Amino acid sequence: MTRKERNGIVGKKIKDNMTSFGMSVKELSKQTNIEVQTLYSIMNGNHQASVEKLEVICKALHMSMDALFDIEVNTFPYYAKKYEESLN
């Protein structure tokens, strides 16, 4: 997968979340302090946004970075040792 394809997938998720909230690009721009043109570039896959910008966008859209990148979060902790061994 190319960088542009990856960026396009991220951009589509942002668009989809904006649609579900009924939010325009102009509204997202006001909430995030990111220029409208930059947001369009991110959503069209022409711009690879910084982590900081993506965090601000996710916060405005009430979504996690994990959801944006399809990262499954393990809700159960992983212990390298058996629990009993870790107590000693």
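Let's begin with a word we'll need: a residue is buried when its relative accessible area is under 20%, exposed when it is over 50%, and partly exposed in between, using a 1.4 Å probe and protein chains only.

Now, some ground rules. What we have here is a predicted model, where local features need pLDDT of at least 70 and side-chain atom pairs count only at pLDDT 80 or more, while totals for chains, interfaces and linings use all residues. Residues are numbered from 1 along each chain as its sequence is written, and side-chain values use heavy atoms, with hydrogens and water left out.

Let's look at helix α1, residues 3-21. Helices here are DSSP runs of H or I with at least four residues, and strands are runs of E with at least two, numbered from the N terminus. How far apart are the end C-alpha atoms of α1? They are 27 Å apart, which agrees with the 27 Å that its 19 residues should span at 1.5 Å a residue; the expected span is 1.5 Å times one less than the number of residues.

Which residues of α1 are buried? They are Asn-7, Val-10, Gly-11, Lys-13, Ile-14 and Met-18. Seen down the helix axis, they fall within an arc of 155 degrees, so they line one face of α1; that arc is taken from the directions from the axis to the C-beta atoms. Here is a handy bit of background: an α-helix has 3.6 residues a turn, so residues three or four places apart point the same way. On the face turned away from the buried side, α1 carries the exposed residues Thr-19 and Ser-20. The buried residues of α1 pack against α2 (25-32), α3 (36-43), α4 and α5 (65-68), where contact means heavy atoms within 4.5 Å. Just after α1, Gly-22 has a positive phi of about 65 degrees.

Let's zoom in on Asn-7, which sits in α1. Asn-7 counts as buried because its relative accessible area is 12%. Leaving aside neighbours within four places in sequence, Asn-7 is in contact with Ile-42, Gly-45, His-47 and Gln-48.

Over to α4, residues 51-60, where we find Ala-60. Buried or exposed? Ala-60 is buried, with a relative accessible area of 10%. Not counting residues up to four places away in sequence, Ala-60 touches Met-23, Leu-28, Gln-31 and Thr-32. The C-alpha atoms of Ala-60 and Lys-30 are separated by 9.9 Å, although the two are 30 residues apart along the chain.
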